[in-house]
Amino acid sequence: MEDQILFSFIIPHRNAPFLLARCIDSIPVREDVEIIVVDDNSTPEVLHQLKDIEKRYSHIAFIVTTLSKGAGYARNVGIELAKGKWLLFIDADDFFYPCINGILDKYILSDYDIIYFLSNSCFSDNLQKKADKNTPMMQVINKYLQNPIKEEIYLRFKYAVPWGKMIKASLIDKHNIRYDEVLAGNDVLFSAKSGYYASKIIVEKECAYCITERENSIVRTENQYYTDHRIESRIHLMLFLRSVKYPQYRHPIADLVLSYRKYGYLKCIQKCIYIIKEGYGLRYLIIDIYKNIIYYPIRKFNYVFHK
């Protein structure tokens with residue numbers, strides 16, 4: 001059976017068993033597919049529910065960790081266990097559309113390193129209600145589709161999420177690419193590295209993935225603790241981008257830095273000093289802050305004024 005595995009679906013999970021079951025049900029049941037669920041220290045009650053789910057899905061490997069190190073760590077555990085030629089990462093509260101089965105068949109023998117596909121977004125408790133969580137990545141995709149030659153490097157660096165693509169496992173192994181083990185923003189460095197090192201990429205124009213929105217998700221969580229982790233992830237990304245001479249594709253850090261003003265300007269200044277010392281670069285930090293507080297507000301005002 002192991003020799004037949006071509007696709008490894010890796011799902012990080014924490015305290016969302018009912019959504020996990022929906023997620024699993026959206027993945028094709030095939031002899032060449034394996035599903036790896038890595039639980040990141042869910043509560044005892046949820047772990048008990050997971051045992052019931054495990055009984056229902058005999059074709060799935062359930063891995064339980066007790067370190068509470070976040071989705072990045074859980075995905076890395078999944079990578080180490082994966083046997084497939086292709087890796088697909090899916091969040092436990094999201095799901096695939098049925099066309100994913102055809103996409104697997106279409107690219108099973110392709111020489112692409114990354115296949116991106118289109119996504120949709122809705123609210124997790126009301127699948128008929130549209131959300132906009134996929135909008136930033138769809139903007140990246142659409143920019144590429146309008147001018148593939150010019151915007152390919154943009155897609156490689158700016159598609160900064162784990163979902164909505166399938167990645168050749170050999171690419172990840174060759175370059176030892178792993179997720180940042182931070183609690184927020186763990187995917188930006190992984191996405192940039194895999195995009196940079198990929199020899200061939202393509203965008204499949206079918207909508208195969210639905211990313212759902214929940215009120216208590218990490219993406220929506222705003223506090224100093226998670227902001228610190230997001231800053232760390234953007235510093236790590238910047239260090240890589242500077243090393244390969246593409247700092248212009250960084251994720252600007254000004255919005256995170258300026259959020260510290262609510263804790264006092266001294267805290268904000270201290271965070272700026274820390275970011276510079278860690279290697280982000282004084283020049284780039286100044287540019288980011290200038291754009292955040294001057295350039296973008298003026299451009300927005302001019303747009304509204306002349307509309």
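Trainee: Cys210: buried or exposed?

Mentor: Cys210 is buried, at 0% relative accessible area. Buried means under 20%, exposed over 50%, and partly exposed in between, using a 1.4 Å probe and protein chains only.

Trainee: What kind of model is this?

Mentor: A predicted one: local features need pLDDT of at least 70, side-chain atom pairs count only at pLDDT 80 or more, and totals for chains, interfaces and linings use all residues. Residues are numbered from 1 along each chain as its sequence is written, and side-chain values use heavy atoms, with hydrogens and water left out.

Trainee: Back to cysteines. How many disulfides does the structure hold?

Mentor: It holds 0 disulfides. Cys122 is in none, and its nearest cysteine sulfur, that of Cys210, is 3.4 Å away. Cys210 is likewise in no disulfide, with the sulfur of Cys122 as its nearest, at 3.4 Å. The cut-off for a disulfide is a pair of cysteine sulfur atoms within 2.5 Å.

Trainee: And Cys122, buried or exposed?

Mentor: Buried, with a relative accessible area of 3%.

Trainee: New topic. How many salt bridges are there?

Mentor: The count comes to 12. The rule asks for a side-chain nitrogen of Lys or Arg within 4 Å of a carboxyl oxygen of Asp or Glu.

Trainee: Which residues form a network with Arg30?

Mentor: Salt bridges link Arg30, Asp32 and Asp105 in a network. Arg30 meets Asp32 at 2.8 Å, N to O. Both Arg30 and Asp32 are buried. The other bridge joins Arg30 to Asp105, with the closest N and O atoms 2.9 Å apart.

Trainee: Where do Arg30 and Asp105 lie?

Mentor: Arg30 is in the loop between helix 1 (17–25) and strand 2 (33–40), and Asp105 is in helix 4, so the pair ties together parts 75 residues apart in sequence. Helices (H or I, at least four residues) and strands (E, at least two) are DSSP runs, numbered from the N terminus. Arg30 has 18% relative accessibility. Asp105 is partly exposed, at 43% relative accessible area.

Trainee: What does Asp111 pair with?

Mentor: Lys200, in a salt bridge of 3.2 Å, N to O. Asp111 sits in the loop between helix 4 and strand 6 (114–123), and Lys200 in the loop between helix 8 and strand 9 (201–213), so this bridge ties together parts that are 89 residues apart in sequence. Asp111 is partly exposed, with a relative accessible area of 48%. Lys200 is partly exposed too, at 34%.

Trainee: On to the largest nonpolar core. Which residues touch the most other members?

Mentor: Ile11, Ile24, Leu88 and Met166, out of 62 residues. Strand 9 gives the most to this core, with 6 residues. There is also a second, separate core of 13 residues, including Ile253 and Tyr284. A nonpolar core is a set of buried Ala, Val, Leu, Ile, Met, Phe, Trp, Tyr and Cys residues joined through side-chain atoms within 4.5 Å.

Trainee: Last one. What is Leu104 in contact with?

Mentor: Leaving aside neighbours within four places in sequence, Leu104 contacts Phe7, Phe9, Pro28, Arg30, Val33, Leu88 and Met166. Contact means heavy atoms within 4.5 Å. Leu104 lies in helix 4 (residues 100–107). At 0% relative accessibility, Leu104 is buried.
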